[in-house]
Every structure is written in structure tokens, then in C-alpha cells.
Amino acid sequence: MMRFQGQALSWEWKDGVIELALHRDPCNEIGSLTLGELERFSVALDELTMVSHAVILHSMQPAGFCAGADLRELFEGTQRMRREDAVRGVREFLERIHAVFNKIDASPLTTIAAVHGVTFGGGFELALVCDLIVADKMTRFCFPELRLGLIPGFGGIPRLKRDLGNSITRDLLLTGRSFNAVKSHQIGLVSQLVAEGEALNAARATAAQIGKFDRHTSAAAKQFIKPLPLEELRQEIEIFCNLFTRPAVEAGLRRFVASKEALPYLP
Amino acid sequence: MPTIDQTLDEVLALAAVRFKVPREKLSPDDDFFQNLGIDSLQALDLLTRLENHFHVELPDYEMQGVSDFRTLANKIQARL
């Protein structure tokens, strides 16, 4: 499928580049709707791989790239369930999103996240599946999950550790603070730092450059340098599901849902 | 290093431009959530602009509870 227009996201293939645009209000929260459409994208990615060299992920929402998991859906969806059923539902969701994220992570195509603004939690994790992150200078990255009594569940910890090492991962995870784009560029998280509103243009220029290379060579180089941390990804799901049964999580989610803040997951 | 008064003046000037408020209408002890009518997302935007302007890191947890320009300027000054 060369083009798709969904409720949460869209994609379009053009000149060997697949552009996936997130556009769900208010800031691309990832719930069952987004997951379903990401799974459709995952199928399309297989179909388009042979005629493509790059993928760009970006957001059309002014607030940012993605604010993370849809915590309202998580809270409301699990409230009516017995605890074991809720955990089963959470595990199923995580298994599905890990499958999609692993597919994009290991794609033979070069993948670029063009980010701006809020890039938090699951949104940060989505950016981390990409080979390169191009960020405008108003971007902020954060793992706020510990505020809810949880850890990031979409593969963010193993991927950040793989890419930047343990100390940076501990800092972001254990303090819950957000890093701005300048710092993120200095530590190597961000590949290119650009002016406000210029991330997508810079990502497109990068994708055009990548198109000059032999795609099989690019794929071999990526496969060599970017292994999936599969064992840690499995462990992450287990830890998340174990933590999810604790009362602190329900209390944290309840506070979140009751908040009247525009983006209540801000640290 | 700038003085605290210079830092405070730069914070007020930056906030006035960002939120399109006349500079003379902002005072150091103003509650910027109320006076500027900004929400948490806009506060994060202001935080990022201040970090970029002053070349400092302002951890989110140090900003919790900060709602006036004078305290904000003091937090920045402590990291210059």
C-alpha cells in the first residue's frame, strides 16, 4: 500500500522514502487505535521495503512528536477488569507493540525520527527504534513512567542502553527529568539538531542522501551495527507486567486521569 | 557572569516575546501561570527557551512549584 490515511496516522511512499505522519489529538498518545494502524504500517513496510531506502517518522501535532502511551485508555480499560485479566490485556498490548517496534528497529531500510516538542515515554521509545533522530531545538525527551509506578514498556530502556549506555539511561529513567534537544545532541542521542520547525526538512534531506547509497550495503551495515536487544526486551515486558499489579500504579493512573493539565504526564 | 537582576530582566523579556505580552505588564513576582494564562505544555516550552537562551540545564523537578519570574530567575542564576 503506497498510501494510507488513518485516524491516528498516515503514510505515503514517494521516491523511495516512506513518510509516516502521526496526527492524533492531542499529542499522538499511543492506544489501541494507534497500535492497530501501526500494525497496518508494519505490513506495508514489508511490501514497500524492496522499493524503498528510507523511512521517516514525524508528527503533525504542534505539541510534539508523541506524548507516550494513552494512559486514559489504559486506566479506563483496566478499571472494569479483574486484576489478572488487566495484566493479560496489558501484556497482549505490549507484545503487539514490541512486535511492531522490533520490525521497524530491524528494518533493512534506514529509519529517521524527525521530532519536535514533547517526545515523552512511549513517544521517546518510538523515536528510539529509528536509526537516526533529527530534532528541532524545542524538543524534549523524557521517561516519566516512574511517576506512575511503572517503567517504560515499549522497549525504550534496552534501546537507549544499546545506543547510549547505562549511565544516560539511568539518569533519564531514575530522575524522570527531561533532556532538551541541545543536551540530547551533545550526548549523541540526537543525530542532527535543527532550528524550530525544520526537523522534517532535515530528515528529508538526509533520506535523499541515503538514497545515493546501495541499499543492500546500507542494510548490511545496519544489521552489523544495530542488533535487537531481544533478551532485555523480553525482561522489560515481564518487569512492566509485574509492576502493573501494584496499587501504586492504579493510584498514579487515577491521579493522571483526574488531572486537568493540558498534558498531565509532564514531570 | 550576569547579576540576578540582569538574569531576571532577560527572563521577563523572553517571556514577553514568547507569549506576546508587553514587557512593562510583567513583574518579577507575577504568577506566570495566571498572568500569562499558560498551561503546563507552554511552561515546558518556556523552560526549553530559557535553557537554550542561558545555556543551562533546568531539571523539571526543580521547576515544580515555581510559578513566579523571580524564583525562576534564581533557579537559572544558580546554574550559570
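**View 1. Contact between chain A and chain B.** In this predicted model, 15 residues of chain A are in contact with 12 residues of chain B (contact: C-beta atoms, placed from the backbone, within 7 Å). Strand E10 (178-180) and helix H7 (181-186) of chain A each supply at least two residues of the side that touches chain B. Helices (H or I, at least four residues) and strands (E, at least two) are DSSP runs, numbered from the N terminus. By class, this side of chain A has 7 nonpolar, 3 polar and 5 charged residues. Ala, Val, Leu, Ile, Met, Phe, Trp, Tyr, Cys and Pro count as nonpolar, Asp, Glu, Lys and Arg as charged, and the others, Gly among them, as polar.

Residues are numbered from 1 along each chain as its sequence is written, and chains are lettered from A and ligands numbered from 1 in the order written. Local features need pLDDT of at least 70, side-chain atom pairs count only at pLDDT 80 or more, and totals for chains, interfaces and linings use all residues.

**View 2. Strand E4 (residues 54-59) of chain A.** 6 of the 6 residues of E4(A) are buried, so the strand is largely enclosed by the rest of the structure. Buried means 20 or more other C-beta atoms within 10 Å of the residue's own, with C-beta atoms placed from the backbone. A:Ala54, A:Ile56 and A:His58 point one way. A:Val55, A:Leu57 and A:Ser59 point the other way.

**View 3. Strand partners of E4(A).** Strand E3 (residues 17-22) of chain A runs parallel to E4(A), joined by 6 bridges. Pairing requires at least two DSSP bridges between two strands. Here A:Glu19 stands opposite A:Ile56. Strand E6 (residues 110-115) of chain A also runs parallel to E4(A), with 5 bridges. A:Thr110 in E6(A) stands opposite A:Ala54.

Conventions. Buried ≥ 20, exposed ≤ 12 C-beta atoms within 10 Å, placed from the backbone. Contact = placed C-beta atoms within 7 Å.
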